[in-house]
Amino acid sequence: MESRRTQIKEVWITDAHTVTSLGRSLDRTWEGLIKGISGIRPVNRFCAEAYRAQSAAVIEDLAPSGDRSMIDSLLDYLVQDIHTPPDDVMLITATTKLGIDNLERRRRGESVRPEDILPSSMPRFVSQKLGLTNRGINISASCASSTIAVSEAAVAIATGMAEAVLVCCADVVTEFVFSGFSALKIVSPQPCRPFDRDRDGITLGDGAAMLLLMSRDRALRESRPCKAIVRGWGVANDAFHITSPIEDASGLVAAISRAISRAGLSPDDISAISAHGTGTPYNDLMELRAIAQVFGNRRIPVYSAKGSIGHTLGGAGGIEIALAARCLAEQTVPPTAGFKNPEKGAEGLVSPKPAPFKGDYMLTSNSGFGGINAAIVLQRGQTS
């Protein structure tokens, strides 16, 4: 067992970019989060009067171009400041609905590019934009899609299957998605309030992220910085309900426990948590139960970015991993926007103000429809 363990390669995150309603860079999103700024605003890309909510964390100038979906414009924003990835990079993308707005446009009789509608098209789109020869694979696993993509990237590097993996994730707010969540009665009429006792639903958001992962040896050879180290990962399924999480949180507990164990750590080593924190009554309660089961009575800082940037679906995990790396670098977790009256179990954990912490390890997790749960343990970055 020990000889196998020594063959596992260390996985570095060497580059991270995000686009959210708070800005077209990780720096701008981070600055907005720390200040408690909300990117949630009235939806104007379609008429939302018939729905339970009329707001979302939308990027104001995001629009389709010609026969192309809005997702194409979002990916253009994402790649514009990215250095050319290595020629041999492996590509993994993640999305839930990609350019489903083109289905809406086609129904209205507009001329559109139909392949934008298919999530399986995303690797080809990203490859074309970056000039990659590797077309890659796409993961569509509900709201845990990009967390699982990072897990798969880490596995590929740790086991020597690849030296560099590019993870690209994105989703946009469309009427198709908006109406679906509204029909489920889980969107909030006001900006979402993660872990607040008065929370009543999610707020959707546009968002994308791109993460470059490398083996430690490859990164050092190319003088790449270490933003964070992916130490552990875990995935589990509740097998309980198509949309609701299991009440005992067993699926999320399993994913978190596997990630911590794979990292060779104990729960006491984790110093902060980036939670899924959607603002729905069932999700947040389930997460608090999972945190209590894994971490006991520890007063560990917990936050959700979704009160500021909304729920970006397939983009959520990648964005939140990029932000967690910044949390570790700054030794601070952002405030949870919308949080005022703590749900039972959130007292002393979640805060409406930035919270400093000391430590090298952080957990980030996501859960989604179909009972899927995924968790990542990050270690603070290093330069050598």
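**Note on the pockets, sheet and cavities of a predicted model**

1. By class, the residues that line the second largest pocket comprise 11 nonpolar, 12 polar and one charged; the model in which this pocket is found is a predicted one. The pocket has a volume of about 340 Å³, and among its 24 lining residues those closest to the centre are Ile186, Thr243, Pro245, Thr280 and Phe369.

2. As for the elements behind that lining, H10, S13 and S14 each contribute at least two residues to the second largest pocket, with H10 giving the most, namely four residues.

3. The sheet is open and has 10 strands with mixed pairing, in the order S5-S4-S6-S7-S1-S8-S14-S13-S9-S10. Strand S5 (137–139) and strand S10 (302–303) stand at its edges, and because each has a single partner strand, one side of each is left without a neighbour in the sheet. Strand S4 (residues 90–94) pairs with S5 in the parallel sense over three bridges, and Ile137 in S5 is the bridge partner of Ile92.

4. Helix H3 (residues 70–79) touches strand S1 (11–20), strand S6 (164–171) and strand S7 (207–215), and its direction makes about 135 degrees with that of S6. Helix H10 (residues 281–295) touches strand S9 (270–274), S10, strand S13 (361–368) and strand S14 (372–380), its direction making about 140 degrees with that of S13.

5. The count of cavities of 30 Å³ or more comes to two. The largest cavity holds about 40 Å³ of space and is lined by Leu252, Ile256, Ile273, Ala275, Glu287, Ile291, Leu363 and Ser365, which divide into six nonpolar, one polar and one charged. Helix H9 (250–262), H10 and S13 each supply at least two residues of this lining, and H10 and S13 likewise each supply at least two to the second largest pocket.

6. The second largest cavity, with a volume of about 30 Å³, is lined by Ala53, Ser55, Phe178, Val187, Ser188, Ile202, Thr203 and Leu204. Its lining has five nonpolar and three polar residues, and no charged ones.

7. Leu323 lies in helix H12 (residues 316–330) and counts as buried because its relative accessibility is 1%, where the cut-off for buried is under 20%. Leaving aside residues up to four places away in sequence, Leu323 touches Leu26, Thr29, Trp30, Leu33, Tyr303 and Ala305. Leu323 and Thr29 are 294 residues apart in sequence, yet their C-alpha atoms are 8.5 Å apart in space.

Note on methods:
Residues are numbered from 1 along each chain as its sequence is written. This is a predicted model: local features need pLDDT of at least 70, side-chain atom pairs count only at pLDDT 80 or more; totals for chains, interfaces and linings use all residues. Side-chain values use heavy atoms; hydrogens and water are left out. Two strands pair if DSSP finds at least two bridges between them. Contact means heavy atoms within 4.5 Å. Axes are lines fitted to C-alpha atoms, for helices over the stretch in contact, and angles run from 0 to 180 degrees between N-to-C directions. On a 1 Å grid over the protein atoms alone, a cavity is a set of points where a 1.4 Å probe fits but cannot get out, and a pocket is an open set with protein on both sides within 12 Å along at least five of seven lines; lining residues have an atom within 4 Å of a point. Grid points are joined across faces, edges and corners, and a volume is the space filled by probe spheres set on the points. Ala, Val, Leu, Ile, Met, Phe, Trp, Tyr, Cys and Pro count as nonpolar, Asp, Glu, Lys and Arg as charged, and the others, Gly among them, as polar. Buried means under 20% relative accessible area, exposed over 50%, partly exposed in between (1.4 Å probe, protein chains only).
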